[in-house]
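Please examine the sequence and the structure before reading the worked solutions.

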Amino acid sequence: MIGTEPAGRSGGQGAADQTALQAALAAAKAQGRAALVGYLPAGFPDVESSIAVIEAMVEGGCDVIEVGLPYSDPTMDGPSIQRAAATALAAGTTPPDVLRVVEAAAATGAAALVMTYWNPVERYGVDRFCADLAAAGGSGVITPDLIPEEADEWFAATDATGLDRIFLVAPSSSDRRLDLTARASRGFVYAASLMGVTGTRAQVSGAAEKLVARTRAAAPEGLPVCVGLGISNGGQAAEVASYADGVIVGTGFCERVLDAPDLRTATVAVRAFAAELAQGIRLGRED
């Protein structure tokens, strides 16, 4: 039963065989700052261009890259990420393309994750997906629509391949749900700052800091808590970085690619945006 697992199985931080994700989060912590986690769907606007955009994200300061698996029926994504994913699907992006983008992301030196809904994993084959992702250099997977109670097959596959598994909590999560989810997670826990879909917001939800504190209280010691949804500028990144272990940004990167007339303009804008966020994160813990 996941709910009664020993805490050590979930946290895993500081172990000699830590994943690239765990190492990236530990390195940021050692520098007295939060990590910057950037999201982009694989194949947006096409496979080769998405690799170029991800390279620009890392050059700008992203420590971790979430590679999205484009999906036609998202439940968590707002309009900008839906447009990006639709563009990737229209370009013919397939799961093997996603793995190729992961491999390229890992080659930059950043930790590479996949963010995917559960249906594509199940269709690809759970064991096969984990094995292929690990072989591509991926560190773990974020699964927004999978709950620990229904994840026995996922626990077995991620344990066998050493991948981190990241589950989500929200402001509406009960204390029991936080405990169950945090102890099932490895790498970090994804704290959704608000009830809604992805997208930029004028202000970061006031519920985020309280959610991080509640999640930390429930999580195995040392397991990072990263915050996503609604972060769109360096000031908001600084605010979230003052209390979270990682700041997750996706919509802002997608919008800069959507608004750009060509790839070169897109990579310049993305690199500058990542640098703004990275600077904000470094200011977040200054007195």
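**Exercise 1: a helix and its surroundings**

In this predicted model, helix α4 is followed by G92, a residue with a positive phi near 90°.

Task: determine how the span of α4 relates to the expected value, and which residues of α4 are buried.

Solution. 
1. Helix α4 covers residues 79-90, which amounts to 12 residues. From the first C-alpha to the last, α4 reaches 16 Å, close to the 16 Å expected at 1.5 Å a residue.
2. With buried taken as under 20% relative accessible area, the buried residues of α4 are S80, I81, A84, A85 and A88.
3. These residues lie on the same side of α4, because the arc they cover around the axis is only 130°.
4. On the other side of α4, P79 and A90 are exposed.
5. The partners of the buried residues of α4 are β1 (35-41) and α12 (251-259), against which they pack.

**Exercise 2: a helix crossing**

Task: describe how α9 and α10 cross, and state which residues make the contact.

Solution. 
1. The axes of α9 (residues 175-184) and α10 (residues 207-218) come within 8 Å and cross at roughly 65°.
2. The handedness of this crossing of α9 and α10 is right-handed.
3. From α9, the contact involves D175, L178, D179, A182 and R183; α10 contributes L211, R214, T215 and A218.

Technical notes
Residues numbered from 1 in each chain as written. Predicted model: local features only at pLDDT ≥ 70, side-chain atom pairs only at ≥ 80, totals over all residues. Heavy atoms only, no water. Axes fitted to C-alpha atoms, helices over the stretch in contact; angles between N-to-C directions. Helix = DSSP H or I, 4+ residues; strand = E, 2+ residues; numbered from the N terminus. Left-handed = near helix turned anticlockwise from the far one by under 90°. Contact = heavy atoms within 4.5 Å. Expected span 1.5 Å × (residues − 1). Buried < 20%, exposed > 50% of the residue type's maximum accessible area, 1.4 Å probe, protein only. Arc of directions from axis to C-beta.
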